[in-house]
Amino acid sequence: MLSLVDVTSNIIDREAFASCTNDYTRIKQLLSSSDFVSHLQKSLPLLLDERTTDSKCIKTSNEYREKGNAAYASHNDQLALLLYNQAIRYAPPYSRELSLALGNRSAVLSNLKHYQLALQDVHHALDFLSSNEEDDTRRQRLEQRLYQCLKHQSEEAESNRDKHTQLENELTELKSNQTYNANYSSLTSHADIKYASDRGRHVVSSNVSSTLKPGTIILVEQAYASVLLPSAWSTHCHTCLRRLHLLLFVCSQCTRAVYCSSECLQRSIVWHAFECRLTIDRLDKMQFLALRLLTKTGWQYLLKHKLQFEDYLKQDQPVNNGLHSYNQEQEVYEWNDYENILKLETNSHRRSVDDLLHRAVQACLIGISLINNTSFAQQAYENLDYQVYICSLLLSHLQSLPCNAHEISEFIHHRAAPLSSSCIEIGAGIYATLSLFNHSCNPNVIRNFIGDTVVVRLLASISSNNVELTDNYGCLSATMEKVERQKKLHEQYRFQCQCQPCVDQWPNYDQLPEGLGDGMTPSKEFDEAFQRLVQGESPTRDDLSVYEDFIDQCDQQWQDKKKIKGKVYNNAQEAYKQCLNFFYHSFHSED
Ligand SMILES: [Zn+2]
Ligand SMILES: [Zn+2]
Ligand SMILES: [Zn+2]
């Protein structure tokens, strides 16, 4: 994927590139070579969407609509809705097919008592009618439906009761119920950021007056930018990454971008207008996210801050040790400040020349495609200075994203086999504050996602200030051997893990002592809740507090943190995670 390095290796002055000491000069060196640029120009069509594979298609739209009609005729409204959604997704803008599909969908929505949504569709369908006999008949039918929908509006279906709305409401409430850290807008008052030369910026406990119990909320943060994996393009909203349940709004130009609401469609216009012209399916998720960082931030903002951001890109080994940014008047570290994303660790100095060269070539291809194939930054067209700036921002992101971006997942609950329920990756996001958590193979926090908003909670009790709060980057000491963990962490995140399980050679789950150890016995409540979970029953909210209390009890008793805890403690943490996913994570139920 996008590997130009092999083809360009004989035209790149590798020695000159190797002598570059920062991202700005690396890109400048490449883009100043006319051989390289002319090769790059030839490769640009790679990323230009010629509207061959992905374009709207009347035939496909008609096929979906006809299948939808068949489902509607056999009273399968849910299936008909899904099929009409697809018919709308494939219908060309302002076409007769779009009007037909919208009209048919309004009938299903009306049957399902979603009168508000049906009304929207009727209005849209009416917009595209012309004045011929066939359309006159349709107009009459649509106007009748309009009248019916208005009449029944008060009987609107109670969609408020479903689990997703409940999740959203809880998230809103949870957000407003926290007290936040005065300097870091997404951290709660129970956490703070510290800097140490060997740990970089990291998160520690703060304001601990009485023990913080498992479940205590540490961070609530929306992604600065997030993208969906292609496998989720037709099932999840392109903007907020929530699963599409009822209604599908689509980009009028392509079939890739679908939205849960007209608000999400509106919000995406800023960046999707450019991405729509590019074959983003040729990019991997980190390349796509790097591109999104620029399209979402926008050229106007980047241009305004060009001098200060270039200053940063020209530093050989930037040290991010404080919270204060260039923007001196803004003292609070905000989730939506691009500068905080730009200044995340890139590990440039730990990368090989080949690694840097590979990423620099990718950055040039993506950056120049964005400039030449879209109207993103028209001033940069044939302006080397602007081109170097845009591509070096991309080079910085292409290094920092693999170390800092987070997988965004959805909990797939299997009704028939609940124990096989698990979190499935749907996309990736970059978070200004979440990225500051260091890793441990035995973490004390857990992440849950609702759309692209993350909530971080304690997984263990914390009884004093300045205890480092650690996340897990996908390598747990219970399930993975030390050699394997160290290898993976070094390859992707460029560090040697020095966490307690790594230093003290903790055994993995199979070799852990049975029971709890120390002559302790689990509570009856815990045993019962755990048995129910193992037997496949869905957890209850009460189970959440049973696990929290049990983990808290164990942690309080074992003040000696070096102690290896037995299998039962591990089971309790795993059961607790499963419960949190069940209640507080984006959720999809399957048979
Ligand atoms: Zn959405
Ligand atoms: Zn589009
Ligand atoms: Zn470790």
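Reader: Okay, so which residue does Ser409 stand opposite in strand 8?
Author: Ser409 stands opposite Glu425 there. Keep in mind that this is a predicted model.

Reader: And how do strand 7 and strand 8 pair, parallel or antiparallel?
Author: Antiparallel, over 7 bridges. Strand 7 covers residues 406–414 and strand 8 covers residues 422–430.

Reader: What holds paired strands together in general?
Author: Backbone hydrogen bonds, and the pairing can be either parallel or antiparallel.

Reader: In what sense does strand 7 pair with strand 13?
Author: That one is parallel, over 4 bridges, with strand 13 at residues 587–590.

Reader: What about strand 4 and strand 8?
Author: They pair in the antiparallel sense, over 4 bridges. Look for Ser226, whose bridge partner in strand 8 is Gly429.

Reader: So what's the strand order in the sheet?
Author: The order is 4-8-7-13, in an open sheet of 4 strands with mixed pairing. Strand 4 (225–228) and strand 13 are the edge strands, since each pairs on one side only. On average, neighbouring strands of this sheet are turned by 35 degrees against each other, if you ignore direction.

Reader: Switching to helices. At what angle do helix 7 and helix 8 pack?
Author: About 160 degrees, and their axes are 8 Å apart. Helix 7 is residues 96–111 and helix 8 is residues 115–127. Angles over 145 degrees count as roughly antiparallel, so that's what these two helices are to each other.

Reader: Is the crossing left-handed or right-handed?
Author: Helix 7 passes helix 8 in a left-handed crossing. Helix 7 makes the contact with residues including Leu102, Gly103 and Leu109, and helix 8 with residues including Leu117, Ala118 and Val122.

Reader: Zooming out, how many helices and strands are in the chain?
Author: There are 22 helices and 13 strands. The radius of gyration is 27 Å, close to the 25 Å that the globule rule gives for 591 residues, so the chain is as compact as a globular protein of that length.

Reader: What does the C-alpha trace span?
Author: About 85 × 70 × 45 Å along the principal axes.

Reader: And what share of the residues counts as buried?
Author: 43% of the 591 residues. Also, of the contacts with a separation of 6 or more, 71% are between residues 24 or more positions apart.

Methods
Residues are numbered from 1 along each chain as its sequence is written. Chains are lettered from A and ligands numbered from 1 in the order in which they are written. This is a predicted model: local features need pLDDT of at least 70, side-chain atom pairs count only at pLDDT 80 or more; totals for chains, interfaces and linings use all residues. The radius of gyration is taken over C-alpha atoms; the globule rule is 2.2 Å times the number of residues to the power 0.38. A residue is buried if 20 or more other C-beta atoms lie within 10 Å of its own, exposed if 12 or fewer, and partly exposed in between; C-beta atoms are placed from the backbone. Two residues are in contact if their C-beta atoms, placed from the backbone, lie within 7 Å. Two strands pair if DSSP finds at least two bridges between them. Axes are lines fitted to C-alpha atoms, for helices over the stretch in contact, and angles run from 0 to 180 degrees between N-to-C directions. Angles under 35 degrees count as roughly parallel, over 145 as roughly antiparallel, 65 to 115 as roughly perpendicular and the rest as oblique. A crossing is left-handed if the near helix is turned anticlockwise from the far one by less than a right angle, and right-handed if clockwise.
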